[in-house]
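Below are my notes on the model you sent. They cover the pocket, the aromatic contacts and the charged contacts, in that order.

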Amino acid sequence: MGIEFKFPFLFLLLIPAGITVFFYLKANRGKQAYVIAGLRTCVYILLITALTVPQILWPVQGETVVFVVDRSKSVESKQGTSLDWIEKGVENKNGKDSYAIIAFGENALVEQQTGKDSALISDFRTAVSANETNIEEALHLAASLIPAHKNGRIVLLSDGNETAGNSLDAAALLKNKQIEIDYVLLESEQYEDLSFSGLEVPAFMYEGEEARIQVQIDSNADKKATIRISENNREILKETVNVKKGTNLYTFSHKTASSGLIVYKGEISAENDAYIENNIFYRVSNIEGIPKVLLVQNEEYGRAGQILSDAGFIVETIAPEKLPTNLSGFLAYQAIIFNNVPATQVSEKQMKLIERAVKEFGTGFVMAGGENSFGLGGYFKTPVEKLLPVEMDIKGKKRMPSLGLVIVMDRSSSMTGSKLELAKEAAARSVELLREEDTLGFIAFDDRPWVIIETGPLKNKEKAVEKILFVGPGGGTEIFSSLAMAYDSLSGHKLQRKHIILLTDGQSARDGDYFGLIEEGRKNNITLSTVALGADADKALLEALAEAGAGRFYDVTDTSSIPTILSRETVMATRTYIEDEPFYPIVSSPADWEGLFDAGVPRMNAYIATTPKGGANLQITSEKDDPVYAQWQYGMGRAAAFTADFSGKWSGDWARWEKWPSFITKMITNILPRYQTTPYHISLEKRNGETIILLEAAGNKALPVETALVSDHGEKVDVKTKLIAPGKYELTVPNGSGVYFLNVKQTHKDGSVNIFQTGFTVPYSGEFLFKKANKELLSKLAELTGGRQLSDPADIFRESKNKAYEKQSVSRWLLLSAFLLFFTEIAIRRFGLKFFTEKAFLQRTELRNAKEIRKTVQQQSKAKATVEKTEQLAQRKDTGTGNEEKKRRGKDTEKNNQRSSIEVREQQLHRLLEAKRRRDK
């Protein structure tokens with residue numbers, strides 16, 4: 001037991017307190033003054049001591065131990081060893097000890113909360129990521145489980161190969177909390193393994209340059225392996241090598257044949273390889289060359305590809321089904337052209353990647369018109385519509401025919417999940433494309449039809465969307481009755497366009513006369529389109545129904561395209577988005593076209609009606625002020641919309657115009673990115689398990705910069721750019737291996753902008769490198785906190801070096817005592833010290849006793865008089881029988897005793913009064 005003072009410096013207040021008492025004694029003399037001074041001194045001491053917050057320290061009984069178990073890849077085979085250590089350690093604890101268990105890898109989770117009598121776990125149940133070893137996070141979590149002012153110890157069971165965080169920083173904090181770290185060294189299992197440890201390619205090259213590729217392979221055994229190198233997923237090198245134990249370096253050469261951001265991927269494969277995660281390595285190179293254009297079209301639709309090739313562009317033509325599925329695939333091109341491509345052939349993910357490439361990396365984009373483009377192609381509310389300068393919907397127009405649309409949607413149990421959610425989202429988009437005077441019906445079916453929206457005028461879009469989104473999954477599948485209900489609901493309406501869209505992923509439980517139903521509907525001008533979702537749908541039936549119903553059939557394998565299909569069907573049902581009256585376009589600023597229109601503007605045949613967005617630059621418009629060619633800046637890139645086509649069917653005389661090739665070339669040139677290739681030096685380093693990007697501007701110019709970081713999957717990574725020195729910037733990348741692309745936008749004082757783009761790779765975790773146990777790190781942690789390496793489980797619950805104490809404050813008792821003494825001093829100053837002496841106390845006691853005796857005598861005298869009076873009355877009465885005589889004698893005896901008592905009291909009173917008179921003399 002001990003005592004401590006929280007604010008001991010407050011004892012200095014005793015000095016002015018002593019001076020106050022000194023001056024009081026100097027001004028006052030006598031016994032009473034000394035007593036008051038003593039009381040006042042005690043009050044000062046008690047109050048000042050209370051202000052210092054004194055606390056009695058009571059030793060804490062028992063130890064709190066937190067077992068921290070490494071479950072990362074490097075020691076995944078040692079989990080049984082860790083559990084054995086915990087079990088044996090818990091067997092040696094006493095009843096006052098408590099323990100908890102934490103498992104960690106990349107993250108840390110509590111396996112068992114702190115307790116004294118908790119049942120020991122038999123296996124680990126938490127799902128920790130084994131791809132990293134973050135000891136720092138585990139130590140912080142363990143410290144939070146040890147109560148304050150308790151004896152605490154952390155037992156770390158690990159190989160010490162830390163790949164994330166900084167455990168020494170955590171140990172410094174634990175030292176301040178007097179928490180010890182003991183460790184049990186887990187030796188990593190040694191398996192045969194080789195790793196692709198390095199891939200060096202020049203960061204900047206020119207097209208056609210001979211590139212030197214250097215490969216580093218590390219192995220812990222001699223073996224034969226195969227090295228593969230690919231360029232943007234195209235294999236350029238494959239070679240079998242004999243790998244020796246240790247570090248192996250190989251050099252290859254390759255002549256670059258592409259331009260743009262090129263991702264080089266190195267792979268190695270061999271037999272008896274423990275970890276496949278460390279067999280891949282990436283490197284990004286920026287190859288400068290002739291602008292490369294990706295032309296996306298289903299078939300030869302006009303001469304755009306040939307025209308651009310003749311103009312010196314490298315043109316790669318592909319079908320929409322072959323579009324890249326990662327960001328690097330799009331960043332290899334400076335411009336992307338969609339030539340009459342429907343949205344139904346492009347997945348939502350691919351659209352998002354294109355939108356990222358334009359917005360974050362400056363890639364140019366052009367959409368050309370045709371029957372499968374813009375609104376007719378189903379691009380309403382897609383990422384592609386987002387990047388274009390026009391909207392697919394026609395707003396503020398009064399030329400739309402009356403339309404009746406009924407959507408018949410499968411809600412059977414097989415639609416549960418993303419299919420049903422995307423189908424509902426698609427139906428909601430279709431509602432938004434309709435006008436409020438249009439007619440809408442919505443039927444959901446399982447084993448029977450469910451009318452969600454009665455077919456009628458669409459008066460409230462928001463309420464209709466809410467009803468659609470509320471639909472949930474049901475039971476079986478029965479199509480015919482629902483389709484018949486849809487035809488019946490539309491037949492009675494007088495509308496210019498009537499259309500039904502059927503979506504299902506299954507086969508109907510019973511047959512019906514589908515074709516008779518459709519034929520009857522054709523008489524009422526009702527058309528039908530069908531959508532088959534997945535492999536289980538009755539595709540043959542649905543395709544036949546769509547053909548008979550004069551509609552379109554869609555075989556959907558990628559469910560993300562469902563919304564674009566319904567958007568397209570809704571637009572196609574109106575058949576009015578095409579403006580097919582020949583006209584002469586109006587060029588708003590002919591000077592921007594470098595004399596192309598000096599001799600006049602050719603006539604066009606048709607275009608797709610769209611609505612320009614705010615901020616769009618309408619360079620060419622129709623006589624109805626609709627966009628024909630619009631362009632705008634979207635993020636760091638430029639996007640353009642040409643609502644006529646490249647084939648000549650809609651563009652008319654333009655396709656036969658001698659300056660048509662110059663017009664297309666100028667259109668593409670306008671949207672090309674404007675890069676600077678080497679204004680920055682970029683380097684990467686690992687710091688506390690995080691990847692740090694260091695950017696250094698040429699000439700150390702401290703100009704404002706904007707950065708965008710995107711993964712190869714198209715996901716934008718939130719990073720903050722920190723200026724650490726003039727012209728030097730630092731970005732922190734969250735943990736995670738893979739390929740990343742960085743775009744830097746630099747704004748000069750005159751307002752001009754430079755764009756720099758590059759890519760880099762974050763290698764796989766160090767967890768997959770073969771290393772020996774890092775005993776040095778574990779020893780430092782133990783040494784820093786006063787712990788040690790454990791060799792015997794019995795030592796786990798030993799008594800801590802730094803004994804913890806429970807603190808009990810005594811300030812309230814000191815304050816209570818001070819107040820009691822303070823009130824005593826007040827009483828002495830009020831009544832005087834004599835009031836509290838023994839003589840004064842005896843006098844007050846005797847006087848009080850005399851008063852009580854006098855009062856008693858007076859009462860007894862009255863009682864005596866009453867008794868005598870009673871006797872006199874009794875003598876006058878007839879005494880009666882012998883029994884009455886006996887009662888009378890008893891009463892007489894009692895009265896005599898009362899007289900004797902009164903006489904004794906009178907004698908005592910006389911003696912007291914006599915003694916008082918003698919003392920007074």
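1. A pocket here is an open set of grid points with protein on both sides within 12 Å along at least five of seven lines. The model is a predicted one. Its largest pocket has a volume of about 600 Å³.

2. Which residues lie nearest the centre of the largest pocket? They are Tyr-282, Ser-737, Gly-738, Val-739 and Val-762, out of 31 lining residues. Strands E14 (260–269), E15 (280–288), E40 (738–747) and E41 (753–762) each supply at least two residues of this lining. By class, the lining holds 10 nonpolar, 15 polar and six charged residues.

3. The count of aromatic pairs comes to 26. One of them joins Phe-642 and Phe-646, which are stacked at 5.9 Å centre to centre with 25 degrees between the planes. Both Phe-642 and Phe-646 are buried.

4. Trp-660 and Phe-663 make another stacked pair, at 5.9 Å centre to centre and 20 degrees between the planes. Both residues lie in helix H16 (residues 660–671), three residues apart, or about one turn of the helix. Trp-660 and Phe-663 are also both buried.

5. These two pairs belong to one aromatic cluster, made up of Trp-593, Phe-597, Tyr-629, Phe-642, Phe-646, Trp-654, Trp-657, Trp-660 and Phe-663.

6. Two arginines have the charged end over a ring. That of Arg-40 sits over the ring of Tyr-24, 4.6 Å from its centre. That of Arg-448 sits over the ring of Trp-450, 3.6 Å from its centre.

7. The structure holds 28 salt bridges. Among them is Glu-360 with Lys-716, where the closest N and O atoms are 3.4 Å apart. This pair links distant parts of the chain, with Glu-360 in helix H8 (residues 348–361) and Lys-716 in strand E37 (residues 716–717), 356 residues apart. Glu-360 counts as buried because its relative accessible area is 5%, whereas Lys-716 is partly exposed at 40%.

8. Is Lys-424 buried or exposed? Lys-424 is buried, with a relative accessible area of 4%. Its side chain meets that of Glu-421 in a salt bridge (3.3 Å, N to O). Glu-421 is partly exposed, at 45% relative accessible area. Both residues lie in helix H10 (residues 418–433), three residues apart.

9. Asp-555 and Lys-539 also meet in a salt bridge (3.4 Å, N to O). Asp-555 is in strand E26 (residues 553–556) and Lys-539 in helix H14 (residues 539–548), 16 residues apart.

10. Finally, Arg-153, Glu-180, Asp-182 and Arg-798 are linked in a network of salt bridges.

Notes
Residues are numbered from 1 along each chain as its sequence is written. This is a predicted model: local features need pLDDT of at least 70, side-chain atom pairs count only at pLDDT 80 or more; totals for chains, interfaces and linings use all residues. Side-chain values use heavy atoms; hydrogens and water are left out. On a 1 Å grid over the protein atoms alone, a cavity is a set of points where a 1.4 Å probe fits but cannot get out, and a pocket is an open set with protein on both sides within 12 Å along at least five of seven lines; lining residues have an atom within 4 Å of a point. Grid points are joined across faces, edges and corners, and a volume is the space filled by probe spheres set on the points. Helices (H or I, at least four residues) and strands (E, at least two) are DSSP runs, numbered from the N terminus. Ala, Val, Leu, Ile, Met, Phe, Trp, Tyr, Cys and Pro count as nonpolar, Asp, Glu, Lys and Arg as charged, and the others, Gly among them, as polar. Rings of Phe, Tyr and Trp (its six-membered ring) pair if their centres lie within 6.5 Å; planes under 30 degrees apart count as stacked, over 60 as edge-to-face and the rest as tilted. Buried means under 20% relative accessible area, exposed over 50%, partly exposed in between (1.4 Å probe, protein chains only). A charge sits over a ring if NZ of Lys or CZ of Arg is within 6 Å of the ring centre and within 35 degrees of the ring normal. A salt bridge is a side-chain nitrogen of Lys or Arg within 4 Å of a carboxyl oxygen of Asp or Glu.
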